[in-house]
Amino acid sequence: MTIDPNALADVAAVPGVAKPDPIVTIDGLERSFGGVHAVNVDHLEIQRGTITSLIGPNGAGKTTLFNLISGFDEPDNGEWDLDGGGLVGISAYQVARRGMVRTFQLTKSLARLTVMENMHVADQTNPGETLRGALFGGWRKAEDEATEKATALLERFGLTHMADEFAGSLSGGQRKLLEVARALMVDPDVIMLDEPMAGVNPALTQSLLHHITGLREDGMTVIFIEHDMDVVQEISDWVVVLAEGSVIAEGPPASIGSNEIVIDAYLGRTHREEEE
Ligand SMILES: Nc1ncnc2c1ncn2[C@@H]1O[C@H](COP(=O)(O)OP(=O)(O)O)[C@@H](O)[C@H]1O
Ligand SMILES: [Mg+2]
């Protein structure tokens with residue numbers, strides 16, 4: 001399947017706008033904590049084969065949105081689908097099996113397992129059980145294939161020399177790479193990265209960016225939470241801005257920086273405090 005790089009060229013920069021070939025579609029998604037509307041997304045489509053950045057001030061609801069659509073949390077209302085298949089009520093494990101995976105803002109690699117063992121933990125929700133099953137369950141053939149795949153992924157992410165080390169001994173950046181590598185074990189169509197650049201030293205930042213654009217080159221759709229605007233401008237095909245749980249703007253990266261509504265969302269509190 002070839003992806004048209006100009007597919008979004010004629011799409012209007014309007015919140016909730018339809019895309020020519022959406023792989024993920026979200027409708028009426030709501031999640032409150034106490035009185036706080038953490039997520040309240042009326043309609044959002046993610047174009048297949050793009051890097052879509054999800055940005056917004058702290059507490060905007062970015063991580064909660066990831067939690068909801070990846071099956072790690074349940075919404076109060078709403079529906080969403082992956083390639084036309086509804087995902088309401090589907091567990092995180094099953095969402096991953098259907099081709100949509102996510103990484104975590106705080107990495108979830110298991111410090112006391114080796115890097116290679118972490119790669120075999122495909123079930124992000126219950127790693128211990130799956131690992132035991134994988135190692136002792138007699139799934140020899142599947143296991144051989146998984147080892148082959150894991151070996152290739154560790155090579156791709158420059159982690160081969162760390163394969164037998166405890167994940168706990170990795171640097172922050174290496175841990176992020178491991179998490180992306182691990183997510184790829186299920187051959188996802190959509191990969192959601194929650195601030196993969198956070199805590200990564202500058203030397204590894206370019207390499208990580210290169211890996212992320214590589215995912216798109218391989219035909220994956222990437223949804224990318226990032227706060228560094230230079231990074232967002234550099235690698236995004238499309239940017240979605242969340243504030244107080246809702247999509248307040250979306251468009252090509254160049255349209256976002258000068259958007260008054262976006263500037264106000266980032267600076268709003270300061271403005272208001274100054275006026276008081
Ligand atoms: N488990 C939770 N319990 C209570 N409040 C939460 C929980 N998770 C998120 N929130 C609240 O929801 C809002 C959105 O949080 P979050 O999705 O983490 O934002 P972001 O990732 O954009 O910084 C915040 O007000 C946050 O405090
Ligand atoms: Mg977050």
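**Entry 1: the sheet.** I started with the open sheet, which has six strands in the order S6-S7-S8-S3-S9-S10 and mixed pairing. I took helices (H or I, at least four residues) and strands (E, at least two) as DSSP runs, numbered from the N terminus, and I let two strands pair if DSSP finds at least two bridges between them. At the edges I found strand S6 (100-102) and strand S10 (246-251), each pairing on one side only. Neighbouring strands here are turned by 20° against each other on average, direction ignored. For such angles, axes are lines fitted to C-alpha atoms, for helices over the stretch in contact, and the values run from 0 to 180 degrees between N-to-C directions.

A note on bookkeeping: this is a predicted model, in which local features need pLDDT of at least 70 and side-chain atom pairs count only at pLDDT 80 or more, while totals for chains, interfaces and linings use all residues. Residues are numbered from 1 along each chain as its sequence is written, and chains are lettered from A and ligands numbered from 1 in the order in which they are written.

**Entry 2: inside the sheet.** I looked up how S3 and S9 meet: strand S3 (residues 51-55) pairs with strand S9 (residues 238-243) in the parallel sense, over four bridges. Ser53 has Val239 in S9 as its bridge partner.

I then picked Ile55, which sits in strand S3. Is Ile55 buried or exposed? Ile55 is buried, because 25 other C-beta atoms lie within 10 Å; the cut-offs are 20 or more for buried, 12 or fewer for exposed and partly exposed in between, counting other C-beta atoms within 10 Å of the residue's own, with C-beta atoms placed from the backbone. Its contacts, neighbours within four places in sequence left aside, are Glu226, His227, Val232, Val239 and Val241. Contact here asks for C-beta atoms, placed from the backbone, within 7 Å. The C-alpha atoms of Ile55 and Val239 are separated by 7.3 Å, although the two residues are 184 apart along the chain.

**Entry 3: helices on the sheet.** Helix H1 (residues 62-69) lies across S3, S6, strand S7 (190-194), strand S8 (221-225) and S9, and runs at about 145° to S7. I checked its burial and found that eight of its eight residues are buried, among them Lys62, Phe66 and Ile69. After H1 comes Gly71, with a positive phi near 85°. Helix H7 (residues 202-217) lies across S3, S7 and S8, at about 150° to S8.

**Entry 4: ligand 1.** Which residues surround ligand 1? I listed Phe33, Val36, Ala38, Gly56, Asn58, Gly59, Ala60, Gly61, Lys62, Thr63 and Thr64, taking a residue as near if its C-beta atom, placed from the backbone, lies within 6 Å. Strand S2 (36-47) and H1 are the elements that give two or more residues to this shell, and H1 has the largest share, three residues. The shell divides into four nonpolar, six polar and one charged.

**Entry 5: the core.** The largest nonpolar core has 62 residues, and Ala181, Val190 and Val241 have the most contacts inside it. Such a core is a set of buried Ala, Val, Leu, Ile, Met, Phe, Trp, Tyr and Cys residues joined through C-beta atoms within 7 Å. S9 supplies the largest share of this core, six residues.

Entry 6: Strand S1 (residues 22-33) and S4 run antiparallel, joined by five bridges; Asp27 has Glu79 in S4 as its bridge partner. S4 and S5 also pair in the antiparallel sense, over two bridges, with Leu82 opposite Gly85 in S5. Two residues lie between the strands of this hairpin, where Asp83 takes a positive phi near 55°. Asp83 counts as partly exposed because it has 15 C-beta neighbours inside 10 Å.

I noted a positive phi at Glu244 too, near 50°, in the loop between S9 and S10. Glu244 has 17 C-beta neighbours inside 10 Å, so Glu244 counts as partly exposed. Most residues other than glycine have a negative phi.

Conventions
Contact = placed C-beta atoms within 7 Å. Nonpolar A, V, L, I, M, F, W, Y, C, P; charged D, E, K, R; others polar.
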